[in-house]
Amino acid sequence: VERAAVPVITQVVNGASFQPGALAPGLIATIFGSNLGPADQGLGIQLVSGRVSRTLGGIRVLFDGVESPLLFVRGDQINCVVPY
């Protein structure tokens, strides 16, 4: 039985400045690490009923149990919106 690679988060930063710090609702955050999503290509914004999808390629990001809208997912990076 082959096991999926475990995601490793190395840094969570402000998506505009790439600076670490507090995250606020509505902020675009960037998560860096490994095994975060598909290794071969990135997946971009998908709209579902006029809203940004909360799942890309089977990947989800949760903040205190609340799903985040996903803007971009790749093996080493995720861009998402901190939920309200």
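User: In which strand does Asn79 lie?

Analyst: The model is predicted. In this model, Asn79 belongs to strand β9, which covers residues 77-81.

User: Is Asn79 buried or exposed?

Analyst: The reading rests on a cut-off: a residue counts as buried when its relative accessible area is under 20%. Asn79 has a relative accessible area of 17%, and therefore it is buried.

User: Which residues is Asn79 in contact with, leaving aside its neighbours within four places in sequence?

Analyst: With those neighbours set aside, the contacts of Asn79 are Ala29, Thr30, Leu70, Leu71 and Phe72.

User: How many bridges join strand β8 to β9?

Analyst: Strand β8, residues 70-74, is joined to β9 by 4 bridges, and the two run antiparallel. Opposite Val73 stands Ile78 of β9.

User: Which residues make the nonpolar surface patch?

Analyst: A residue must have over 30% relative accessible area to be part of a patch. In this structure, Ile9, Val12 and Leu23 make a nonpolar patch of about 230 Å².

User: Where is Val12 found, and how is its accessibility classed?

Analyst: Val12 is in strand β1, residues 8-14. Its relative accessibility is 33%, so Val12 counts as partly exposed.

How values were computed
Residues numbered from 1 in each chain as written. Predicted model: local features only at pLDDT ≥ 70, side-chain atom pairs only at ≥ 80, totals over all residues. Heavy atoms only, no water. Patch = residues over 30% accessible without salt bridge, like charges linked within 9 Å, V, L, I, M, F, W, Y side chains within 5 Å. Areas by Shrake-Rupley, 256 points an atom, 1.4 Å probe, with all protein chains shown as cover. Salt bridge = Lys/Arg side-chain N within 4 Å of Asp/Glu carboxyl O. Buried < 20%, exposed > 50% of the residue type's maximum accessible area, 1.4 Å probe, protein only. Contact = heavy atoms within 4.5 Å. Pairing = 2+ DSSP bridges.
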